Amino acid sequence: MMLEQWLQQILEGYTESELTDAYQQLSHRYRQPNYKPGFQNEVEVKAYAAARMPATVAAVVRTLKELPHTFSPTTVLDLGAGTGAASLGVLQHFSSIKSLTLVEQDGRALACAKELIQFLKEDIQLKFTQQNLCDYADDKPIDLAILSYVLNELPSAEQQEIIEKLMANQSRYILILMPGTPVCFQQLLILRKIAIEVGYFVAAPCPHQQACPMATASTDWCHFKARLPRTRTHRLFKEATLNFEDEKFCYLLLSKDAISTNAARIVKNPLHRSGHSLFDVCDNGELKRIIIGRKHKSLYKKAVKLSWGDIF
Ligand SMILES: C[S@@+](CC[C@H](N)C(=O)[O-])C[C@H]1O[C@@H](n2cnc3c(N)ncnc32)[C@H](O)[C@@H]1O
């Protein structure tokens, strides 16, 4: 079942104003300093699913493309699963999965995720665990653990504890996504440093294991975007007219095994001028600007197809 169809199904019985009011209340609470994260009722869960899932699924799918093409995970863990966005993304991306576990503290959100994921995939081993991530322990190593838009809701010490537990379990890949804000970027930098100290490797977005050249920049922070179409349901929450939206996110993909890369990552929107294009890249721990003129015909033809977030 496609996400849009499922969303229409779970929203049945609610009026547009019930849903938009609930989403506004939820996002208003999240904008307060020292907010207490979490859903307060069923309608907030449904409104979150409709307003945010298309974007969080798009960001997850975008980052899964950074995993090696030869990687075929069989065991996947979706931590802070919410209404199932990361699980949906991972099931759409990989056909190799045999066991998928979703861990979520909110019973209403988990029930929503269960409905969606069971509909989508009933021939694999599915586990739905209602638990606080800090208390969750899985002693088996897993192929891929995803924490999508959840760690940013937790204090720094808890973020670290959860990532350290996953590394102690020898998880093969750990994918962390957060909103594309400077605060979340700084939180990821701390986790990045800890992971490297423990002996894990950064598979993406950094094409190197050195210090981040944006760590101390005053205006720049490493973040990316996923463009997604806005459906009618989606537009309802956004009070927007455009038929697409750009989801800004930060992410970190950690690998237990060493990564070898000599590529550069495009870290901003490329600028296309009349005779040339400019690409801001992170290369070997340094920020560089690469200029490619039209006269370098074959190189230019390849380069203009590249976007923010791609490997150069
Ligand atoms: C913003 S939602 C993200 C949901 C989903 N991963 C996504 O990408 O759309 C954050 C989710 O994390 C859950 N969460 C927050 N702190 C948690 C904790 N300590 N243990 C378990 N779940 C938690 C919340 O209940 C909520 O469902």
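1. Overall fold. The chain has nine helices and 12 strands. Its radius of gyration is 20 Å, close to the 20 Å that the globule rule gives for 312 residues, so the chain is as compact as a globular protein of that length. Keep in mind that this is a predicted model. Along the principal axes, the C-alpha atoms fill a box of roughly 60 × 45 × 40 Å. As for burial, 40% of the 312 residues count as buried. If you take contacts between residues at least 6 apart in sequence, 71% of them join residues at least 24 apart.

2. Domains. The chain splits into domain 1, residues 48-255, and domain 2, residues 265-303. Their centres, taken over C-alpha atoms, are separated by 29 Å. Where the two meet, eight residues of domain 1 are in contact with seven residues of domain 2. On the domain 1 side of that contact there are six nonpolar residues, two polar ones and no charged ones.

3. The ligand shell. There are 22 residues around the ligand, and the ones that come nearest are Gly80, Gly82, Ala85, Gln105 and Ser148. By type, the shell divides into 11 nonpolar, seven polar and four charged residues. Two helices, H3 (42-64) and H4 (85-93), each supply at least two residues of the shell. H3 gives the most, with three residues.

4. Helix H3. This one deserves a look beyond its part in the ligand shell. H3 is mostly covered, with 21 of its 23 residues buried. The helix also has a kink of about 50° at Arg52, shortly before the proline Pro54. Pro54 turns up again as a contact of Leu228, a residue of strand E7.

5. Leu228. So what does Leu228 touch, leaving aside its neighbours within four places in sequence? The contacts are Pro54, Ala55, Ala58, Phe244, Glu245 and Glu247. Leu228 has 19 C-beta neighbours inside 10 Å and therefore counts as partly exposed; the cut-off for buried is 20 or more. Looking towards another leucine, Leu228 and Leu278 are 50 residues apart in sequence and 25 Å apart in space, C-alpha to C-alpha.

6. Tyr14 lies in the loop between helix H1 (3-11) and H2. Not counting residues up to four places away in sequence, Tyr14 touches Leu19, Val43 and Lys46. The Tyr14 and Val43 pair is 29 residues apart in sequence and 8.0 Å apart in space, C-alpha to C-alpha. Tyr14 is partly exposed, with 16 other C-beta atoms within 10 Å. Asn41 is in the loop between helix H2 (16-30) and H3. With 12 C-beta neighbours inside 10 Å, Asn41 counts as exposed. Asn41 and Ala109 are 68 residues apart in sequence, yet 9.8 Å apart in space, C-alpha to C-alpha.

7. As background, most residues other than glycine have a negative phi, and most peptide bonds are trans. The peptide bond from Ala204 to Pro205 is cis, with omega near 0°. Pro205 sits in the loop between strand E6 (201-204) and strand E7 (224-229). Then there is Tyr149, with phi near 55°, a positive value in a residue other than glycine. Asn284 also has phi near 55°, again positive and again not a glycine.

Note on methods. Residues numbered from 1 in each chain as written. Predicted model: local features only at pLDDT ≥ 70, side-chain atom pairs only at ≥ 80, totals over all residues. Near = placed C-beta within 6 Å. Helix = DSSP H or I, 4+ residues; strand = E, 2+ residues; numbered from the N terminus. Nonpolar A, V, L, I, M, F, W, Y, C, P; charged D, E, K, R; others polar. Rg over C-alpha atoms; globule rule 2.2 N^0.38 Å. Bend = angle between axes of the 7 residues up to and from the residue. Domains from an automatic or database assignment.
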